[in-house]
Amino acid sequence: MPEPAIEIRGIAKRYAAHVAVKDLSLVVPRGTVYGLLGPNGAGKTTTIRMILDIIEPDTGTINVLGSSHRDRAIQDRVGYLPEERGLYKKMQVRRVLKFLGELKGLRGRDADARIDDWLERLGLRTAEKDWGLAKVDELSRGMQQKVQFIGALLHDPELVILDEPFSGLDPVNAQALKDTVVDLKRRGKTVIFSTHLMDNAERLCDAVCIIAHGEKVLDGAIGTVKASHGDRSIALALDGAASPAVQQVLADRSLVAEVDDQNLYYELELAPGADPSVLLRKLVETGAAIRRFERVQPSLHSIFLERVGATGVEAGMSGHG
């Protein structure tokens, strides 16, 4: 079995009376997209900073790419996008990127060629406009985030760590980052990203770890995590709002134990012993225009709500699309 990209054993971090991370252990396989999930304040950023040796764990061990996380040589093999975005606002974009590349050992024409390639790939250099020649503060927030993303990838790292990379991005820029994450995996890189957006994790990740209140709630491959939470979920989609008759059927606790109501879409958990065909028949009898009625594995969103609760989570899409 190949050596994991990251192996964490029993780490903890305390600040006076506050426990930020408690006895956390996890293994990130090489060549995977791994999601570190949890609500705001769960301990995700603290964990990432310990992996990167920005802060020291009080207890436990961390290995990164086969060596101790304290090994300085490891850092040149890692790319990091921090949660707090920070670029020199009055500096030309290309000069900022060249500076970030130099910090990782890139020089001259090699750096220039990589900068050109990434600016083009992320739509910041076109026939109409070369945003690399603009000052950072002339760019939109989404463009600035893409510039910082490029800075994390210029040196072609083996391991890429992204802290809340999709926060505040519009759909177009978010898709550009998602496409890049997929491409990195195709090239054999390991990508770890933290998020509280469950749909992004469900669609991108091979495996996840959910953290709440500094403790691991669960971890594992997406398929394994979902399979372990049963097959009692129903994806229901309607044309138009639910009528009172539909709402009455969904409120029948002999048929439906839980309802996640997203207006035109519902994720239902069947009651113990309930027959899904009976539920479908009763819904049809209401005259509802049903676009979808499908037995599915539970979404990460519903698993999160079950194991952690609703505080701080944003579902985005359900993950059943």
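Leu 37 stands opposite Ile 210 of strand 9. This is a predicted model, in which local features need pLDDT of at least 70, side-chain atom pairs count only at pLDDT 80 or more, and totals for chains, interfaces and linings use all residues. Residues are numbered from 1 along each chain as its sequence is written, and side-chain values use heavy atoms, without hydrogens and water.

Strands (E, at least two residues) and helices (H or I, at least four) are DSSP runs, numbered from the N terminus. Two strands pair if DSSP finds at least two bridges between them. Strand 9 covers residues 207-212. Its pairings are listed here.

| Strands | Sense | Bridges |
|---|---|---|
| Strand 3 and strand 9 | parallel | four bridges |
| Strand 9 and strand 10 (residues 215-221) | antiparallel | six bridges |

Ala 212 stands opposite Glu 215 in strand 10. The hairpin of strand 9 and strand 10 has two residues between the strands, and His 213 there takes a positive phi near 55 degrees.

Buried means under 20% relative accessible area, exposed over 50%, and partly exposed in between (1.4 Å probe, protein chains only). Six of the six residues of strand 9 are buried. One side carries Ala 207, Cys 209 and Ile 211; the other carries Val 208, Ile 210 and Ala 212.

**Thr 195**

Thr 195 lies in strand 8 (residues 190-195). Thr 195 counts as buried because its relative accessibility is 1%. Its side chain reaches the backbone nitrogen of Leu 197 at 2.9 Å. Contact means heavy atoms within 4.5 Å. Leaving aside neighbours within four places in sequence, Thr 195 is in contact with Leu 36, Leu 37, Gly 38, Lys 44, Glu 164 and Ala 201.

**Helix 1**

Seven of the eight residues of helix 1 are buried. They are Lys 44, Thr 45, Thr 46, Thr 47, Ile 48, Met 50 and Ile 51. Just after helix 1, Asp 53 takes a positive phi of about 65 degrees.

**Gln 148**

Gln 148 lies in helix 4 (residues 141-153). Gln 148 counts as buried because its relative accessibility is 10%. Beyond neighbours within four places in sequence, Gln 148 is in contact with Leu 81, Pro 82, Glu 84, Arg 85, Gly 86 and Leu 87.

Definitions and conventions. Polar contact = N/O pair within 3.5 Å; in protein donor to acceptor, adjacent residues only side chain to side chain.
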